[in-house]
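Reader: I am new to this structure and would like to learn how to read its features. Please take me through a few of them.

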Amino acid sequence: MSSIEIPMAMSGRAAPGITTFRVELVRILVLSLILLGLAWVYGKNPFILNILAYTFLFAGLSSAWNIIGGFGGQFSLGHGVFFAIGAYLTANLYLHFQISPWLALVPAAALAAVVAAAVSWPTFRLKGPFFAIATMAFNEVAFVLANYFETLTGGPRGLSLPFKAGLANMIFTNRFSYALLMLGFLVACLLVSAAVLRSRFGYYLQAVREDEDAARAAGIRVLQVKLLGMALSAALTGIGGALFAMYLRFVDPPTLLSLPDIGVKFALIALIGGVGTLYGPLAGALLIVPVESYLRAELGGMVPGTNLIVLGAVLILFALFMKRGLIGAGTALWQRLTSARPEGGGGG
Amino acid sequence: MSTFLNILVVGLLLGGIYGLVSIGLNLIFGVIRIVNFAQGELVMLGMYGAYFSYWLVGMDPYVSILVVVPALFVFGVLIQRFILQPLQNESMMQIFATFGLLLLLQNVILAITRGTGYTVPTDLSTVVIDIAGLKISLVRLIALFAVTAVAVGMSWFLKNTLPGKAIRAVTQDRRAARLMGINVELTFMLTFGMGAALAGLAGTLLAPIYTMSPQIGGNFILAAFAVVVLGGLGSVWGAFIGGFIIGLIEALAGYYLDPALKHAVWFLVFIAVLIVRPGGLFGIAGAEEVGLREQH
């Protein structure tokens, strides 16, 4: 996990191999224009637009996970809870109080962040696999509770949101608008990630990931940094959950809190793309979501579970042979092609 | 009073099942320090192995133990050798790989069986023992006896045999064990093989109790994690007793609180124990952090 460049100079000029926030801003702008163009080209094809919308959404969600999971090294499998909080809160506010989902994004993000901080405060005592198991158990508690408290969640039957098209309702008749919406979410997540990665706070997070004791010895308030990272990550995840609820217009416990489909998938996409890198989650989502959707649509009817067989095999192969994900492999290839000597620390 | 006793019996029998699944997980967890998310799927494979033996030659599930357990031992050795061994000291990648294994095994079985639920008949499955109004299902009682036998056998094996001593030495300090001439990699393969074999044993014994589905491993794995954490990392008796504690909590919460909430209750207990005493009730305090220290 030492794929992150080590900062050479904290002053205005960046060290070789380190990009400034301004450079990332340009990159994100170019990337989002390319993705927008992609959505534009397929603007008449609802099947592909649906896949693109999911790809953008999960790229954004995985980027959000990456803030605490990748930069901070806290392998959370409980992000489905924050996702569900955003979705249920938005659905309830819309159903019962006719509050526009756009406005509901604010309390959705806030509640997810508060719950994340409250739950993480004790669980951050645990490290590595123990933290992962505890967050996974947390997801399962949420699953049971979501089934139980029917007044808030509709229980196992779920909540359906009536179709009333309109910008204020965040409900659109064409899928292109949804793809745009998800793209906007992705860009927001990338911008926040870039800002975090190139800030003092981001370096604190990475220091905590590399060696918690050393970070503490260097004067970093470890718990505070981890809590802040988790809250930020959860807030973005809550917003993603809200958008997901408005896209599907249906929420129930299995769709929101399934471990393989939601909670773990954020982590898996990031890991496949390159955990702890800015564009890794996007790369992972661009690979995984379309492949999975395609397999589910093409083969799911004939042989159930094919998409997950492929996903499982991909996971094992990436863990064994591409530990640094698509971005890591791409960077290594680029370095070999340009035969430039690797700069900075790195060297894993 | 008799209701209460009945609940206790239900809880203990359930605890036997949880303990049976947990001992193998805890062995792997404690010795190799790998969180094997696919352990529930190994149990599932054991169940389908029992069904396959029945379907092929009409074998009774209790006889198929002789086939399924060695098969899973070999499978476990192969997983350790080819998937987990290359990932030593990378706990994140191990989580990742065992989760991939979970998805792979679950859905391969789903693709093969098309999700049909199977049960394996045995002459014993309908037998219910009635002791003063307490109804005890024989197949569950067999699971209870089996977990006791396994716990006794395992602790004897770890204490008195050379491979058992090697496993304990590797658990305590990998580097020192290596310096003493113990083949650490071989010990790990043996351990994972045994863990998988125990999962297979659990699967065959549970085959007459549950209707099989490819996802059934998920019912056990979280309970097994709770048991392992509760009982203590790497402790055989911890897993044994932890199984009963979780079983009893589930039965009591299911009756006195609400059946829908029983899982939430033991998850909360589990999280509480993780936070208050991460080493577990019978574990060594601080053991949970050793797994992250780089060992060579």
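**Reading the model**

Author: This is a predicted model. Start with one residue: Asn26(B) counts as buried because its relative accessibility is 2%, and buried means under 20%.

Reader: Where is Asn26(B) placed?

Author: Asn26(B) lies in helix 1 of chain B, which covers residues 2-31.

Reader: Which residues does Asn26(B) touch, not counting residues up to four places away in sequence?

Author: Asn26(B) touches Val228(B), Gly232(B), Leu233(B), Gly234(B), Ser235(B) and Ala239(B), with residues up to four places away in sequence not counted. Sequence distance and spatial distance can be set side by side here: Asn26(B) and Val236(B) are 210 residues apart in sequence, and their C-alpha atoms are 7.3 Å apart in space.

Reader: How should I read the pattern of buried residues along a helix?

Author: An α-helix has 3.6 residues a turn, so residues three or four places apart point the same way. Take helix 1 of chain A, residues 21-41, as the case. Glu24(A), Ile28(A), Ser32(A), Leu35(A) and Ala39(A) are buried in helix 1 of chain A. Seen down the helix axis, these buried residues fall within an arc of 70 degrees, so they line one face of helix 1 of chain A.

Reader: Which residues are exposed on the other side of helix 1 of chain A?

Author: Arg22(A), Val26(A), Leu29(A), Leu33(A), Ile34(A), Trp40(A) and Val41(A) are exposed there. The buried residues of helix 1 of chain A, in turn, pack against helix 2 (46-71), helix 7 (175-197) and helix 13 (280-299) of chain A.

Reader: What is the angle between helix 12 and helix 15 of chain A?

Author: Helix 12 (residues 259-273) and helix 15 (residues 325-337) of chain A pack at about 5 degrees, and their axes are 3 Å apart. Angles under 35 degrees count as roughly parallel, so helix 12 of chain A is roughly parallel to helix 15 of chain A. Leu271(A), Ile272(A) and Gly273(A) in helix 12 meet Gly325(A), Leu326(A) and Ile327(A) in helix 15 of chain A.

Reader: Where is confidence lowest in chain B, and where is it highest?

Author: Where pLDDT is low, the predicted coordinates should not be read in detail. In chain B, helix 12 (residues 287-290) has the lowest confidence, a mean of 48, and helix 8 (residues 184-206) the highest, at 93. Over residues 288-296 of chain B, pLDDT stays under 50. Chain B as a whole averages 85, and 94% of its residues score at least 70.

Note on methods: Residues are numbered from 1 along each chain as its sequence is written. Chains are lettered from A and ligands numbered from 1 in the order in which they are written. This is a predicted model: local features need pLDDT of at least 70, side-chain atom pairs count only at pLDDT 80 or more; totals for chains, interfaces and linings use all residues. Side-chain values use heavy atoms; hydrogens and water are left out. Helices (H or I, at least four residues) and strands (E, at least two) are DSSP runs, numbered from the N terminus. The expected span of a helix is 1.5 Å times one less than its number of residues. Buried means under 20% relative accessible area, exposed over 50%, partly exposed in between (1.4 Å probe, protein chains only). The arc is that of the directions from the helix axis to the C-beta atoms. Contact means heavy atoms within 4.5 Å. pLDDT is the predictor's confidence in each residue, from 0 to 100. Axes are lines fitted to C-alpha atoms, for helices over the stretch in contact, and angles run from 0 to 180 degrees between N-to-C directions. Angles under 35 degrees count as roughly parallel, over 145 as roughly antiparallel, 65 to 115 as roughly perpendicular and the rest as oblique.
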